[in-house]
Amino acid sequence: MRHLSCSPTVQMLSHIAPFDCLTSAERELLASGARALQVRRHEVVGLAGRPAEGLYVVVEGEVKRYLLSPSGAEKIIQLAGAGDTFGEEAALLGRTETVTAQATRDSVLVLIASAPLREAMHASGAFSAALLARLSERMYALIDNLQLCMQRTSTQRVAHYLAQLAPREAKQYDIHLDTDKQTIAAQLNLTPETLSRALNRLTRDGMIRPRGRRGLTLTDVGMLRSCAAG
């Protein structure tokens, strides 16, 4: 992990929600307690059990946050892409990290320490409300994913994952999977082998058609959604 010059930090934050709610002076104050970091693919950003350093903002790239089962299998709870934040919950509570965070590709992050983050929240009600809304959305998504993994079959989980990538009105849709099968499987609490079997079944049933290395055509989005719903 390499520290970048802090001079571009204010500019980085000015175009990313919820930091766009802050005034220039408030962003300057926040940036004074921030560090810009360059992280390589596969590099660990935060380790479960270690004290939280603060809130992370993904400027470029992607970071996965995951839990490990006793067998060593990953369960991804968040994929944070450009414009996303993570680590607020532990930072604001002053507790240790509950999950491990690792870059899935070369990334640029901004780390904002807990103290200036709290000061910015105290100074700006709009910023506090926007940050709370973001945390609430993440909590909702986490519970939705937990329900998906507990109550649906492997094929239903994969169908739901793919159907969400298509616009609501689409009947057929071409997609490109930005992440590999292992990462998708970890999000759905499946093994890569089970994911492959589910994809093969959806292909046999005429709901999807492979298109290149990571491309798929959702040939019948309506049927895919019906499959996901059970």
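**Figure 1. Strand 11 and strand 12 in a predicted model, paired in the antiparallel sense over 4 bridges.** Strands are DSSP runs of E with at least two residues, helices are DSSP runs of H or I with at least four, and both are numbered from the N terminus; two strands count as paired if DSSP finds at least two bridges between them. Within this pairing, P210 has L216 of strand 12 as its bridge partner. Strand 11 and strand 12 form a hairpin with 3 residues between them, and G212 in the turn has a positive phi of about 80 degrees. The model is a predicted one, in which local features need pLDDT of at least 70 and side-chain atom pairs count only at pLDDT 80 or more, while totals for chains, interfaces and linings use all residues. Residues are numbered from 1 along each chain as its sequence is written, and side-chain values use heavy atoms, with hydrogens and water left out.

**Figure 2. The open sheet of 3 strands, in the order 10-12-11 with antiparallel pairing.** Strand 10 (173-176) and strand 11 (208-211) stand at the edges with a single partner strand each, so one side of each is left without a neighbour in the sheet. From one strand to the next, the twist averages 25 degrees. Strand 10 is joined by 4 bridges to strand 12 (residues 215-218), and these two strands run antiparallel; here I175 stands opposite L216 in strand 12.

**Figure 3. The packing of helix 4 (residues 114-123) against helix 5.** The two helices pack at an angle of about 115 degrees with their axes 5 Å apart, where axes are lines fitted to C-alpha atoms, for helices over the stretch in contact, and angles run from 0 to 180 degrees between N-to-C directions. On the helix 4 side, L117, A120, M121, H122 and A123 meet G125, F127, S128 and L131 in helix 5, contact being defined as heavy atoms within 4.5 Å. By class, this contact has 6 nonpolar, 3 polar and no charged residues; Ala, Val, Leu, Ile, Met, Phe, Trp, Tyr, Cys and Pro count as nonpolar, Asp, Glu, Lys and Arg as charged, and the others, Gly among them, as polar.

**Figure 4. Helix 5 (residues 125-151) along its length.** At 1.5 Å a residue, its 27 residues should span 39 Å, which agrees with the 39 Å between its end C-alpha atoms; the expected span is 1.5 Å times one less than the number of residues. Buried residues of helix 5 include F127, S128, L131, R134 and R138, where buried means under 20% relative accessible area, exposed over 50% and partly exposed in between (1.4 Å probe, protein chains only).

Figure 5. At 0% relative accessibility, L55 counts as buried. Its C-alpha atom is separated by 5.2 Å from that of I112, 57 residues away along the chain. Leaving aside neighbours within four places in sequence, L55 is in contact with residues including F19, F86, V110, L117 and L131.

Figure 6. E62 counts as buried, at 11% relative accessibility. The side chains of E62 and T104 are joined by a polar contact of 2.6 Å, a term for a pair of N or O atoms within 3.5 Å; within protein, one must be able to donate a hydrogen and the other to accept it, and residues adjacent in sequence count only if both atoms are side-chain atoms.
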